[in-house]
Amino acid sequence: MRYHLETFGCLMNTYDSEKLEGILAKSGMERADSPEDADVILLNTCSIREKAEAKVFSRLGRLAGLKKSGKVRLIALGGCMASLRKEEIFKRAPIVDVLFGPDSAAHLPQMLEDFRATGKRQVDVAIDEHTVWDGTEDLPDKRSGTVAASVGIMKGCDNHCTYCVVPSTRGPEVSRPAASILAEVRILVAAGYREVMLIGQNVNSYGKGLSPETGFPALLRMVEQVDGIGRIRFMTSHPKDMNDQLVEVMADSKKICPAIHLPLQAGADRILGMMNRNYTVDEYLGKVARLRKAIPEVAISTDIMAGFPTETESEFQRTLEIMEQVRFDSLYLFNYSPRPGTAAVEMEGMLLKEEAQSRFDRAHALHRRIVAEKLKSFVGSTQEVLCEQAKATDGGFARCTGRTPTNQLVIFKGDKGLVGKTLQVTIKDVLGYNLEGLLAGI
Ligand code: 5AD
Ligand code: SF4
């Protein structure tokens, strides 16, 4: 049996897909690079916004022809949409045969087998409140990169931001035992990976319920001790749980990158309250100040949502002011999207689409200006770049890409042998949101 897997959504979903491929390989299935060559098509899906779901339904629409022609025998839909929508998926997309949730990967080979044997639709979308990739560290991985890899440290979320589906699609927060995380990091390093990204919905609350209880700063120190590890990143940090200990550990370390993703969401306390974020704008700014004092070069990225129900123009202006003040290094900007089962979907005061879009556009334009200014200041400096990719060109050289510790993407001329190496690159120019440079030393 050959499978083709397509992944939608966040880093967590990409990581789940890498594990899923390990499970499928173990059960004897082979990967097919195109859907035309596959017996089974798997979609690992995302529900975070309406658009994410629409993308999956439109993909299913395009796959319907392949299914009808009989080439593809089975379509399985997994991840957050399966968890959120359950059997409702069959109504909108009757070509789906198997539904598996974010925690059902281990059962998937059996479900595929059962469908083939009986022709009956299979559904397993239960949330498993105990297992968190524990014991999966040595699965035959199908990683998407060769230099940097994600490692899941916790799953689910206990925060209940009023707009967010994740607590219902991925269940309560569960931390992965440190020993299992460290085992996976060691395996990655032995396989040649230089950088790990520790991922979770809220890494700063890592460790609750473990015995012995291990906080996130302590976990970072353990990962840092792994022989041969080059760089450590992590995401996402909830501002309410980011503490001084984390700042200290980051400031102390040569391996933990000076970069943090700290979602602000909105610049008015009333809106943050309605979102149930549990911090005020002043508290947020205080944390930014502490980070910058201890780690002057730190890069701060954020998420901002435009047009939360009842947000006024002057409240939105506060968001723009905070953006001016903090000068984020990168920004993920979203239009608020009502999600089923969340508290916010019940709220009155939805903004008109045009108004929400105008706010989105203004925040986007402001961020472009700030980032252009910030990137310009890199020109002329020499940066430490970990080369992640090298693509051959017609000119006889490779187009290399890599990242600075502050997560800036740098493009430079080089060759394939540079992949995985930490290089000195002199920045010559700005290319959109990226930098262009010249190799200065190895
Ligand atoms: N609408 C728009 N954006 C959302 N996010 C989460 N839920 C929604 C929603 N319903 C954004 C938040 C979060 C990021 C991962 O996605 O900004 O930090
Ligand atoms: Fe990731 Fe959230 Fe999308 Fe699920 S809903 S794939 S957790 S972004």
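Modeller: A polar contact is a pair of N or O atoms within 3.5 Å. Keep that cut-off in mind; this is a predicted model.

Biologist: Which side chain has an N or O atom 2.7 Å from an oxygen atom of ligand 1?

Modeller: Start with the cut-off: a polar contact needs N or O atoms within 3.5 Å. An oxygen atom of ligand 1 meets a side-chain N or O atom at 2.7 Å. The residue that supplies that side chain is Q265.

Biologist: What is the distance from D303 to an oxygen atom of ligand 1?

Modeller: Take the side chain of D303 and look at its N or O atoms. For D303, the distance is 2.6 Å.

Biologist: How much of the accessible area of ligand 1 does the protein cover?

Modeller: On its own, ligand 1 has 410 Å² of accessible area. The residues around it include I48, Y163, M305, F334 and Y336. The protein's cover comes to 86%.

Biologist: Which strands each supply at least two residues of the shell around ligand 1?

Modeller: The shell divides into 5 nonpolar, 3 polar and 3 charged residues. Among them are D303, M305, F334 and N335. One strand spans 299–306 and another spans 330–335. They are β13 and β14.

Biologist: Which domains each give at least three residues to the shell around ligand 2?

Modeller: Ligand 2 has C10, N13 and T45 around it, and also V166, R170 and Q201, among others. By class, its shell holds 5 nonpolar, 4 polar and 1 charged. The contributing domains cover 2–124 and 133–257. They are domain 1 and domain 2.

Biologist: Why do β7 and β11 each have one side without a neighbour in the sheet?

Modeller: The open sheet runs β7-β10-β11, with parallel pairing. β7 (148–152) and β11 (231–235) stand at the edges, so each has a single partner strand. The twist from one strand to the next averages 25°. The reason, then, is their place at the edges.

Biologist: Which residue of β10 stands opposite A149?

Modeller: β7 and β10 (residues 195–199) pair in the parallel sense over 5 bridges. Opposite A149 stands V196.

Biologist: In what order do the strands of the barrel close?

Modeller: The barrel has 5 strands, and the pairing is mixed. Neighbouring strands are turned by 50° against each other on average, direction ignored. β15 (residues 382–392) and β16 (residues 398–403) pair in the antiparallel sense over 6 bridges. The order is β15-β16-β17-β19-β18.

Definitions and conventions
Residues are numbered from 1 along each chain as its sequence is written. Chains are lettered from A and ligands numbered from 1 in the order in which they are written. This is a predicted model: local features need pLDDT of at least 70, side-chain atom pairs count only at pLDDT 80 or more; totals for chains, interfaces and linings use all residues. Side-chain values use heavy atoms; hydrogens and water are left out. A residue is near a molecule or strand if one of its heavy atoms lies within 4 Å of it. A polar contact is a pair of N or O atoms within 3.5 Å; within protein, one must be able to donate a hydrogen and the other to accept it, and residues adjacent in sequence count only if both atoms are side-chain atoms. Accessible areas come from the Shrake-Rupley method with a 1.4 Å probe; for residues, only the protein chains shown count as cover. Helices (H or I, at least four residues) and strands (E, at least two) are DSSP runs, numbered from the N terminus. Ala, Val, Leu, Ile, Met, Phe, Trp, Tyr, Cys and Pro count as nonpolar, Asp, Glu, Lys and Arg as charged, and the others, Gly among them, as polar. Two strands pair if DSSP finds at least two bridges between them. Axes are lines fitted to C-alpha atoms, for helices over the stretch in contact, and angles run from 0 to 180 degrees between N-to-C directions. Domain bounds come from an automatic or database domain assignment.
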